[in-house]
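Here's a quick briefing to read alongside the model. Keep the 3D view open as you go.

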Protein chains: 2
Amino acid sequence: MKQAIILFAHGSRDPQWRRPMESVADRLTRLAPQALVRCAYLELTEPDLPAAAADLVRLGAGEVTIVPMFLGAGRHVREDLPALVEDLRVRHPAVRWMLQPPVGESERLLDLLAELACPTVRPRVTDSPP
Amino acid sequence: MKQAIILFAHGSRDPQWRRPMESVADRLTRLAPQALVRCAYLELTEPDLPAAAADLVRLGAGEVTIVPMFLGAGRHVREDLPALVEDLRVRHPAVRWMLQPPVGESERLLDLLAELACPTVRPRVTDSPP
């Protein structure tokens, strides 16, 4: 049974917006070469979740983990996404759909964000003009 | 001269949305106890950036670093935020305003996101109903 992972993010009109998501997908493909990896978006960016999911089912995925790439968990993560996943369970009942907590709930992520914002480890800044 | 840090995020109608940002602010206050730390939001959540900045200036901040808590960098980060920071430089010329790159440009953050999404380190999931 093939395993798959969907990185689920908000989406944006700006084509550059999705780059970090695609970069995480590339890294994940190297970390888990046995898994099928896709990005999917709630709105404004293609593909949406049903399209990415259908693609994975067509490729033989039997177990799909959906990872919400959201720092803050508002209505999108707590209501819209579970409803979308329920639709997937109805539409593709032979597949096991698993929904991870949003990345913003990870203590390790919160620790790293604090470290990145800390003045002593600040990597580079755009300073005031002279 | 007092140093200050503003964690700048999008904002949401959902009051739970801001919790990770506030959690990062708490961690940062422990990491950098000498710095004044505030959260500020582009829209829908209070305070906005001008209000948080004015508060810090009133408290004596002489150098303020703004950290964009955005994974994807679209128009909000590449256009709206630099314009807001320019306004701060005009309004408070005695203060040094520094704008960090968005957290989504951090290689360490992208590595960690891939690791969090990787099936072998998956901490907990909401599984399909039985």
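Predicted model: local features only at pLDDT ≥ 70, side-chain atom pairs only at ≥ 80, totals over all residues.

Residues are numbered from 1 along each chain as its sequence is written, chains are lettered from A and ligands numbered from 1 in the order in which they are written, and side-chain values use heavy atoms, with hydrogens and water left out.

**The sheet in chain B**

- Chain B has an open sheet of four strands, in the order β2-β1-β3-β4, with parallel pairing.
- At its edges sit β2 (36–41) and β4 (96–99) of chain B, each pairing on one side only.
- On average, neighbouring strands of this sheet are turned by 20 degrees against each other, direction ignored.
- A word on terms: helices (H or I, at least four residues) and strands (E, at least two) are DSSP runs, numbered from the N terminus, and two strands pair if DSSP finds at least two bridges between them.
- Strand β1 (residues 2–9) of chain B pairs with β2(B) in the parallel sense, over six bridges.
- Within that pairing, B:I5 stands opposite B:V37 in β2(B).
- As background, strands of a sheet pair through backbone hydrogen bonds, either parallel or antiparallel.

**Helices on the sheet**

- Helix α2 (residues 49–58) of chain B packs on the sheet and touches β1, β2, β3 (61–68) and β4 of chain B; its direction makes about 160 degrees with that of β2(B).
- Helix α3 (residues 75–91) of chain B also packs on the sheet, touching β1, β3 and β4 of chain B, and its direction makes about 170 degrees with that of β4(B).
- Contact here means heavy atoms within 4.5 Å; axes are lines fitted to C-alpha atoms, for helices over the stretch in contact, and angles run from 0 to 180 degrees between N-to-C directions.

**Where the two helices meet**

- α2(B) and α3(B) pack at an angle of about 35 degrees, and their axes are 11 Å apart.
- From α2(B), B:L49, B:P50 and B:A53 meet B:L81, B:L84, B:V85, B:L88 and B:R91 of α3(B).

**A buried glutamine**

- B:Q3 lies in strand β1 of chain B.
- B:Q3 counts as buried because its relative accessibility is 19%; buried means under 20% relative accessible area, exposed over 50%, and partly exposed in between (1.4 Å probe, protein chains only).
- The side chains of B:Q3 and B:E63 are joined by a polar contact of 3.2 Å.
- That term means a pair of N or O atoms within 3.5 Å; within protein, one must be able to donate a hydrogen and the other to accept it, and residues adjacent in sequence count only if both atoms are side-chain atoms.

- Most residues other than glycine have a negative phi, and most peptide bonds are trans.
- In chain A, a cis peptide bond joins A:E46 and A:P47, with omega about -5 degrees; A:P47 is in the loop between β2 (36–41) and α2 (49–58) of chain A.
- In chain B, a cis peptide bond joins B:E46 and B:P47, with omega about -5 degrees, and B:P47 lies in the loop between β2 and α2 of chain B.
- A:L44, in the loop between β2 and α2 of chain A, has a positive phi of about 75 degrees although it isn't a glycine.
- With 47% relative accessibility, A:L44 counts as partly exposed.
- B:L44, in the loop between β2 and α2 of chain B, has a positive phi near 70 degrees.
- B:L44 counts as partly exposed, at 49% relative accessibility.
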